[in-house]
Amino acid sequence: MRFPSPEAYAKRIVASVQEYSLLTWHAIAALFSPPRYVADTFTQMDYIGFGSLPIVILTGFFTGCVLTLQSATSLQQFGAVNMTGRLVALSMVKELGPVLTGLMVSGRNASGMASELGSMKVTEQIDAMRALGTDPVRKLVSPRVVATVVMLFFLTIISDACGIAGGGLVAVGLLGLKGSSFFHTAFRSLIFGDVFEGLTKPLFSGFIIATIGCFCGLRTTGGTQGVGRSTTQAVVVSSVLIILFDFLVTKMMIGIFGR
Amino acid sequence: MATTATAPLRPALDPNTPVVEFSRVSIAFDRGPVLRDVSFTVCHGEMRILLGPAGVGKSVIMKLANGLLTPDSGEIRVFGRPLSSLSPREMYELRAHIGMVFQESALFDSLNVEDNVAYRLIEEHVPEPEVHERVVEALRFVELEQAIAKFPSELSGGMRRRVSIARAIISRPDLILYDSPTGGLDPITSTTIIELIVKQRDVSQTTSLLITHRIQDAFTLATHRFNSANNEMQLIPNGGIDPGTKFLVLNDGRIVFDGTTQELTRTTDPWLEAFIS
């Protein structure tokens with residue numbers, strides 16, 4: 001494999017950032033002028049939101065279960081096993097719920113968007129759409145951005161709830177803790193800042209998933225092999241950016257709310 | 001479906017203004033220059049056939065004419081309007097008057113034949129009964145009425161190409177761009193497609209720009225006409241040539257021939273002679 005020169009590599013990165021920024025701007029600006037593809041937006045909401053429900057529920061539930069198992073074991077050594085509910089709730093709502101939900105949805109939907117749009121690109125369907133008078137960014141990208149941002153918000157809430165429920169089930173069923181104690185400490189430990197932080201992250205994650213997935217798809221070249229590359233790239237890049245923005249948002253929220 | 005309606009007006013066409021005009025157009029990609037100082041015009045009612053070796057830039061010319069690509073230098077005018085001065089919205093409105101048939105049909109996989117053919121009409125919010133009627137009319141023209149409910153994956157290559165032609169003509173465009181309409185098809189299916197193109201040319205008198213790799217298809221277009229009485233393509237008697245059919249031959253990014261069928265067949269240029277033989 002030939003290595004590109006540093007100059008060529010740097011130019012490619014800068015060009016990619018530029019193209020991504022232009023696509024994102026175009027997609028957002030398209031929301032504020034007609035035509036708006038409302039039906040397509042609802043179709044995407046159904047596919048992204050309802051379609052991702054099983055994996056989000058399972059991910060959240062088992063994450064809560066394993067978190068309870070692991071934390072209870074450690075907390076018992078300090079005689080603080082009653083804090084298990086607090087730990088599980090704070091971890092799920094502030095961090096694990098948003099991040100893991102984002103990563104699961106990224107794996108399912110960023111790849112789906114990249115492969116669908118990439119296949120359309122290599123078979124000239126995107127050019128055909130433009131030739132038929134339809135703006136492909138307005139038709140394909142904007143609905144996906146809106147749908148992913150909105151649905152990831154609700155999916156994260158569901159994931160958090162399933163995580164706390166799973167944690168409660170393990171706490172009561174396996175560890176012999178009192179259910180009322182678990183849920184009481186879980187509820188009391190959460191303040192507005194925690195919930196705000198946990199529900200701000202999915203907005204960023206949803207935006208990243210949709211824009212990166214569509215960007216990788218729309219710049220696909222090289223036939224079926226290119227579609228495969230775009231799909232992989234979409235998942236990798238969106239996953240890394242979700243984790244990066246998770247760090248940035250966490251830092252910002254700690255600065256605002258103090259925890 | 002979009003939530004707002006626009007009804008593009010037909011451009012006011014001056015018969016003396018060329019429909020397509022390229023002036024010293026050049027474009028280069030990563031691999032190097034593709035077109036160099038290309039200039040030609042396509043007048044009203046003309047059928048311009050683009051010939052040339054593979055990879056010489058014929059499809060690029062087609063995409064430039066439809067504004068899908070932007071040249072590095074030079075000017076392109078379509079219906080008398082310079083494409084470089086059009087806003088994206090004006091460009092989409094202009095495309096309402098241009099039909100394009102892509103090399104691999106480019107049908108939308110997730111839509112059936114009816115929705116594919118009706119795509120532009122649906123975007124323009126044409127009432128549903130009228131949409132269905134016009135789809136049936138367009139499919140009848142390409143003799144594929146029975147495939148209206150099928151999906152592209154259920155169609156043969158030739159059928160997909162015919163659906164693509166129906167999609168291009170349904171809005172009664174003033175200019176049709178055919179990018180290798182017979183590419184990859186067997187000779188019998190290719191003849192069927194050529195017959196449809198001749199029919200469209202002679203019945204609607206639509207200006208068209210056509211790419212083909214098959215010299216025999218090019219000369220078929222030049223030497224045949226459509227007989228509406230018999231509903232079939234016929235050889236023009238006494239060795240006649242369709243006066244509206246002209247040729248453009250590209251080589252190495254430049255135009256090496258621009259003229260009529262007779263001029264092409266009588267050329268003394270050795271490269272051209274070898275190319276068309």
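Modeller: One definition before the strands come up: two strands pair if DSSP finds at least two bridges between them. Also, this is a predicted model.

Colleague: Fine. How does β1(B) pair with strand β4 of chain B, and over how many bridges?
Modeller: β1(B) and strand β4 (residues 73-78) of chain B are antiparallel, with five bridges between them. One pairing to look at is B:Phe22, whose bridge partner in β4(B) is B:Ile76.

Colleague: And which way do β1 and β2 of chain B run?
Modeller: Antiparallel; seven bridges join strand β1 (residues 20-29) of chain B to strand β2 (residues 32-42) of chain B. The two form a hairpin, with two residues between β1(B) and β2(B). B:Ala28 has B:Pro33 as its bridge partner in β2(B).

Colleague: What is the strand order in that open sheet of chain B?
Modeller: The order is β2-β1-β4-β5 in chain B, four strands with antiparallel pairing. β2 and β5 (81-82) of chain B each have a single partner strand, so they stand at the edges and one side of each lacks a neighbour in the sheet.

Colleague: What holds paired strands together in general?
Modeller: Strands of a sheet pair through backbone hydrogen bonds, either parallel or antiparallel.

Colleague: Let's step back. How many helices and strands are there in chain B?
Modeller: Chain B has 10 helices and 12 strands. Its C-alpha atoms fill a box of roughly 55 × 45 × 35 Å along the principal axes.

Colleague: What radius of gyration does chain B have, against that of a compact globule?
Modeller: Chain B has 19 Å, which agrees with the value near 19 Å for a compact globule of 277 residues. Buried residues are 43% of the 277 in chain B. Of the chain B contacts between residues at least 6 apart in sequence, 66% join residues at least 24 apart.

Colleague: Which domains does the assignment give for chain B?
Modeller: Domain 1 (17-97 + 175-181 + 199-277) and domain 2 (105-172). The centres of domain 1 and domain 2 of chain B, taken over C-alpha atoms, are separated by 25 Å. Four residues from domain 1 of chain B and four residues from domain 2 of chain B take part in the contact. On the domain 1 side, the residues divide into three nonpolar, one polar and no charged.

Colleague: Now the inside. Which residues touch the most other members of the largest nonpolar core?
Modeller: B:Ile49, B:Leu50, B:Ala65, B:Val117, B:Ala166 and B:Leu177, out of 76 residues in that core. Helix α6 (residues 157-169) of chain B gives the largest share, six residues. Domain 1 and domain 2 of chain B each supply at least three residues to this core. Another core, of 55 residues, lies apart from it; A:Ala89, A:Ala110, A:Val146 and A:Phe182 are among its members.

Colleague: Tell me about B:Ile49. Is that residue buried or exposed?
Modeller: Buried: the cut-off is 20 or more other C-beta atoms within 10 Å, and B:Ile49 has 24. B:Ile49 is in strand β3 (residues 47-51) of chain B.

Colleague: What is B:Ile49 in contact with, leaving aside its sequence neighbours?
Modeller: Beyond four places in sequence, the contacts of B:Ile49 are B:Leu210, B:Thr212, B:Ala218, B:Leu221, B:Thr245, B:Phe247 and B:Leu248. B:Ile211 is 162 residues away from B:Ile49 along the chain, yet their C-alpha atoms are separated by 5.9 Å.

Colleague: And B:Ala65, what does that one touch?
Modeller: Not counting residues up to four places away in sequence, B:Ala65 touches B:Val20, B:Ile76, B:Val78, B:Leu177 and B:Leu209. B:Ala65 is also one of the buried residues of α1(B), and so are B:Lys58 and B:Lys63.

Colleague: How many residues of helix α1 of chain B are buried?
Modeller: Eight of eight in α1 (residues 58-65), so the helix counts as mostly covered. B:Gly67 follows α1(B) and has a positive phi, near 75°.

Colleague: Last topic. How many residues of chain A are in contact with chain B?
Modeller: 17 residues of chain A are in contact with 17 residues of chain B. On the chain A side, α2 (38-76) and α4 (125-131) are the elements that give two or more residues. α4(A) gives the most, with five residues. That side of chain A divides into eight nonpolar, four polar and five charged residues.

Terms used
Residues numbered from 1 in each chain as written. Chains lettered and ligands numbered in written order. Predicted model: local features only at pLDDT ≥ 70, side-chain atom pairs only at ≥ 80, totals over all residues. Contact = placed C-beta atoms within 7 Å. Nonpolar A, V, L, I, M, F, W, Y, C, P; charged D, E, K, R; others polar. Rg over C-alpha atoms; globule rule 2.2 N^0.38 Å. Buried ≥ 20, exposed ≤ 12 C-beta atoms within 10 Å, placed from the backbone. Domains from an automatic or database assignment. Core = buried A, V, L, I, M, F, W, Y, C linked by C-beta atoms within 7 Å.
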